[in-house]
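Me: I'd like to learn how to read a model like this one. Can we go through it feature by feature?

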Amino acid sequence: MPAPSSVPELLDRVRRSGLVPPDRLDGFVAGLQASGQAPATTAVLLDLMVEAGMVTRFHADKLAAGKYKGFQIGSYLILDQLGTGGMGQVYLAEHAAMRRLVALKVLPVFASEDAVARERFLREARAAATLDHPNVVRVFDLCQEGRLLYLVMEYVEGISLQALVARNGPLAVEAACHYARQVLYGLQHAHDLGFVHRDIKPANLLLDRAGVVKILDLGLVRSQADAAAGLTRKLDNRAILGTADYVAPEQAVDSSSVDIRADLYSLGATLYFMLTGRPLFPDGRTAQKLVWQQIKDPVPVTRFRPDVPPGLADVVHVLLQKRKEDRFQSPAEAFEALAPWDDVEVSPPPEEWLPQQPARVQAARAAAQTGGTARAGSTSQILTLAMRSESGVSRRIRASGGDPSSEASAIGSGSAIRRRANPTAETDAVCSDDTTRTPHNPRRPRPAEPERKRVPLLVLVAVCAAAAAAATAAVLVAMR
Ligand SMILES: Nc1ncnc2c1ncn2[C@@H]1O[C@H](COP(=O)(O)OP(=O)(O)O)[C@@H](O)[C@H]1O
Ligand SMILES: [Mg+2]
């Protein structure tokens, strides 16, 4: 359909698009005429409609290009495009009746006819439906509309860690550690349920307006059940690897058989990126990066960030070990190791860092009373307290005189005390580019580690309960 050449033609398309109720559109046009503001061009009319919150800029661009169909998928009205990825487009949408904002991940028609792509998409849906954790994006539904297959997800109004670093440069030490620990908290939950994410990277981690980091994109997730049935290998046949900058050495060789330790490497590369503003190997083509992940040591983090404490550089070093046996063996173990640098409150991102929502979206949010504008007693604070109290539990188990070679993995429902896979492995390899010091392996106790002040567990539980009660009260007030 060609672009509309006149205002009446555009109005006709808007009517046919179903974006605006007919009486509202008529009233709007009548109001413009009555106030002597009748638009002379289609562009002016579209600008006025965006300003009035009747359509979004996304709609206006499509309408200006002559497109007026396809804004409605099932019960959802598409409001904006949130992202494009390997698995299709992700849109911000509003449930027509409930007016709830959601994210829709739509598998393109051509891909939904491809058995492997379709199966992978279904696998993402099933995995996401199994996981239930504040640090993993929630999936509400899997729907089919004609030949379109789409996931209905929680809309995370936030900024990816990739975009955050691109916008502000490397993060403060405590912010980087706080975000990394949240990812580990979510990964431990996935691990407890037998999943490996396989595509942990800054672009798949969204920081929301309350300061909570959500793991996205379970498109490459591998479950123990799928692996046992040989499904992962079948689906992985077409060289799916994850992203070269963040992929673990063993995943570059055989993506189908990796375990949670591959996610720990990717998280290490993500933490490195948050601290330095650069990936492990910024130069080179994809094939070279994949080889370097296996054989080359990255420039030590402290070379770019001298303010990174040596103990934290050690943790990054262990996460990035080439041999999975030399890394931390579970997210809980890495979560524990990062605790010393996650001991101050990290503020939620300021409003100006978040995507600026068009008037149409703000109206939808106000109508649905969603979007979490209340920031006091933020989820981030509550989560931090929960994480700290859980890692406190873990420390207590260790301190209670258990076998020093066993590691308490106290995060997440199904966690158990796990023995280190390779307690005697030698991991103190010196990075090739750094001859100044030998990184300490944080999986072994650091000698003369200063005793950190600990908040008693009971106090934490009480604070958590109070915070939860306050949050509930706020919700009840908001609902009245
Ligand atoms: N639930 C969501 N809320 C907000 N934005 C999202 C959501 N899911 C995805 N996005 C955006 O869409 C982009 C692509 O989504 P992703 O799930 O990573 O798909 P792909 O498999 O195609 O990489 C993300 O980087 C993010 O910017
Ligand atoms: Mg992605």
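**Reading the model**

Reply: Let's start with a loop: R99 sits in the one between β3 (88-95) and β4. Strands here are DSSP E runs of at least two residues, and helices are H or I runs of at least four, numbered from the N terminus. This is a predicted model, where local features need pLDDT of at least 70, side-chain atom pairs count only at pLDDT 80 or more, and totals for chains, interfaces and linings use all residues. Residues are numbered from 1 along each chain as its sequence is written, with chains lettered from A and ligands numbered from 1 in the order in which they are written.

Me: Why is R99 called partly exposed?

Reply: Count the other C-beta atoms, placed from the backbone, within 10 Å: 20 or more is buried, 12 or fewer exposed, and in between partly exposed. R99 has 16, so R99 is partly exposed. Also, R99 and A363 are 9.8 Å apart, C-alpha to C-alpha, despite 264 residues of sequence separation.

Me: Which residues are closest to ligand 1?

Reply: The shell takes residues whose C-beta atom, placed from the backbone, lies within 6 Å. Ligand 1 has 20, the closest being G83, G85, V90, A103 and D217. Two or more residues each come from β2 (76-85), β4 (101-107) and β6 (148-154), and β2 gives the most, three.

Me: Why does ligand 1 lie between domain 2 and domain 3?

Reply: Domain bounds come from an automatic or database assignment. Both domain 2 (74-154) and domain 3 (160-341) give residues to the shell, so ligand 1 lies between them.
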